[in-house]
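Biologist: I would like to learn how to read aromatic pairs and packing in a model. Could we work through one case together?

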Amino acid sequence: MNKIDELALVPLCVPEIRGNEWKYIKECLDTNWVSSGGSYVSQFESMLAGRIGTSDAVATVNGTAALHMALLCCGVEADDEVLVSNLTFIAPVNAIRYIGAFPVLMDADPTFWQMDVDKFTNFVEQECIWKDGALWNKKSGRKVKAIVPVHILGHPCDMDPILEIARKYNLKVIEDATESLGAKYKDRIVGSMGDCACFSFNGNKLITTGGGGMIVSNNPQIIERAKYLTTQAKDDPIEYIHSEVGYNYRLTNIQAAMGCAQLEQVDEYIATKRRTADSYEKAFRTVEKIVTMPEASWATSAKWLYTILVDGGSRGLMAHLKKNKIQTRPLWHPIHKNPAYQNFEAYHCDNSILLNDNALSLPCSVGISDQDLARTIETILNYLE
Ligand SMILES: *Cc1c(COP(=O)(O)O)cnc(C)c1O
């Protein structure tokens with residue numbers, strides 16, 4: 001065997017399970033509370049709402065379902081338009097289409113990689129008009145109803161300009177906070193700034209329930225409606241009367257039990273993520289071909305998925321690391337370049353393309369060992385020198 005064959009894979013980002021997960025899940029099994037009734041669901045909801053600082057929360061089967069419900073609960077309807085980040089995992093854009101609404105894709109800014117607020121402002125002020133108490137896209141003739149800023153990779157979007165424009169033009173703000181649990185924007189917690197926000201507890205997220213999601217909000221109407229729609233819009237639970245089309249989108253007690261155990265450890269997880277990011281930062285700071293992961297002066301990033309830019313493109317380095325059993329990943333293919341979305345409006349999305357060419361996410365599991373981290377850094381430096 002050669003040396004590489006003997007090495008264990010360094011995974012990109014895997015769950016960390018070392019707390020009360022076994023105890024709480026066993027309690028579900030012991031008490032027969034395995035389904036969507038059960039006290040862990042409401043406990044998980046109040047724990048997350050407490051952490052974000054919203055009045056309430058509604059747990060869902062996954063983050064995509066949370067986004068789908070959040071859009072519905074904010075009044076987005078078929079043929080409305082929703083402004084959404086172009087450089088993102090596809091979930092929020094798909095959720096817009098589930099309703100029959102239209103995404104308008106907003107470019108990423110080249111410095112912090114989040115939704116470009118200057119382009120967003122230009123789009124609203126130049127491409128839209130305010131008429132009859134609503135914002136209309138001049139070209140498409142459709143009503144712009146909401147904006148979904150996606151806080152990618154653990155870093156917040158620049159929310160003040162987004163919130164200001166949204167207030168001015170009566171747009172609902174749905175934060176996609178699925179990648180940024182634990183992040184702050186100025187002194188505000190990510191997930192507490194919009195009309196509502198969505199989280200995900202998929203296996204690669206900061207904390208996981210296997211699969212799961214959450215809507216948080218300070219608006220009791222949004223919360224009540226999300227509870228209603230996620231439980232099949234059941235008006236009368238005994239006689240099974242439904243006035244509307246609902247969804248089977250609730251989280252189970254088993255998953256929520258795991259979520260409670262994970263959330264107990266979230267501060268430790270964030271500290272570990274930031275420590276890993278610091279190690280990469282120190283190693284790469286002086287490397288000419290690498291731009292390290294940015295953090296704005298107004299931001300506290302949760303550093304969920306540590307990502308660099310590689311001058312001249314990231315795929316060569318990715319292939320080299322793969323050969324060395326180190327798992328990495330480029331950022332998502334820009335949404336407007338996906339066949340499913342090539343016919344939707346994208347507003348000057350050239351930064352997204354450049355970022356996609358150069359970005360590479362590096363191994364940063366909460367449980368990554370010092371040796372694996374050191375080997376990853378060394379392999380990258382060797383390749384670039
Ligand atoms: C993970 C993620 C989601 C939600 O994903 P689920 O797998 O449905 O929980 C939504 N938006 C973004 C940006 C994500 O990264």
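This is a predicted model: local features need pLDDT of at least 70, side-chain atom pairs count only at pLDDT 80 or more; totals for chains, interfaces and linings use all residues.

Biologist: What does the secondary structure of the chain come to?

Modeller: The chain has 13 helices and 16 strands. Its radius of gyration is 21 Å, close to the 21 Å that the globule rule gives for 385 residues, so the chain is as compact as a globular protein of that length. The C-alpha trace spans about 65 × 60 × 40 Å along its principal axes.

Biologist: What share of the residues is buried?

Modeller: Buried residues account for 54% of the 385. Of the contacts with a separation of 6 or more, 72% are between residues 24 or more positions apart. The accessible surface comes to about 16,600 Å², and carbon and sulfur atoms hold 49% of that.

Biologist: How is a pair of aromatic rings described?

Modeller: By the distance of the centres and the angle of the planes. This structure holds 11 aromatic pairs. In one of them, Tyr 280 and Phe 284 have ring centres 5.8 Å apart and planes at 15°; planes under 30 degrees apart count as stacked, so this pair is stacked. Both residues lie in helix H10 (residues 266-284), four residues apart, which is about one turn of the helix. Tyr 280 and Phe 284 are both buried.

Biologist: Which residues do ring pairs link into a cluster?

Modeller: Phe 102, Tyr 341 and Phe 344 form that cluster. Phe 102 also has a charge over its ring: the charged end of Arg 97 sits 5.0 Å from the ring centre. Likewise, the charged end of Lys 131 sits over the ring of Trp 136, 5.7 Å from its centre.

Biologist: Is Ser 361 buried or exposed?

Modeller: Its relative accessibility is 1%, so Ser 361 counts as buried. Ser 361 is in strand E16 (residues 359-361). Its side chain makes a polar contact with the side chain of Thr 307, at 2.9 Å. Leaving out residues up to four places away in sequence, Ser 361 touches residues including Tyr 306, Thr 307 and Arg 329.

Methods: Residues are numbered from 1 along each chain as its sequence is written. Side-chain values use heavy atoms; hydrogens and water are left out. Rings of Phe, Tyr and Trp (its six-membered ring) pair if their centres lie within 6.5 Å; planes under 30 degrees apart count as stacked, over 60 as edge-to-face and the rest as tilted. Helices (H or I, at least four residues) and strands (E, at least two) are DSSP runs, numbered from the N terminus. Buried means under 20% relative accessible area, exposed over 50%, partly exposed in between (1.4 Å probe, protein chains only). A charge sits over a ring if NZ of Lys or CZ of Arg is within 6 Å of the ring centre and within 35 degrees of the ring normal. A polar contact is a pair of N or O atoms within 3.5 Å; within protein, one must be able to donate a hydrogen and the other to accept it, and residues adjacent in sequence count only if both atoms are side-chain atoms. Contact means heavy atoms within 4.5 Å. The radius of gyration is taken over C-alpha atoms; the globule rule is 2.2 Å times the number of residues to the power 0.38. Accessible areas come from the Shrake-Rupley method with a 1.4 Å probe; for residues, only the protein chains shown count as cover.
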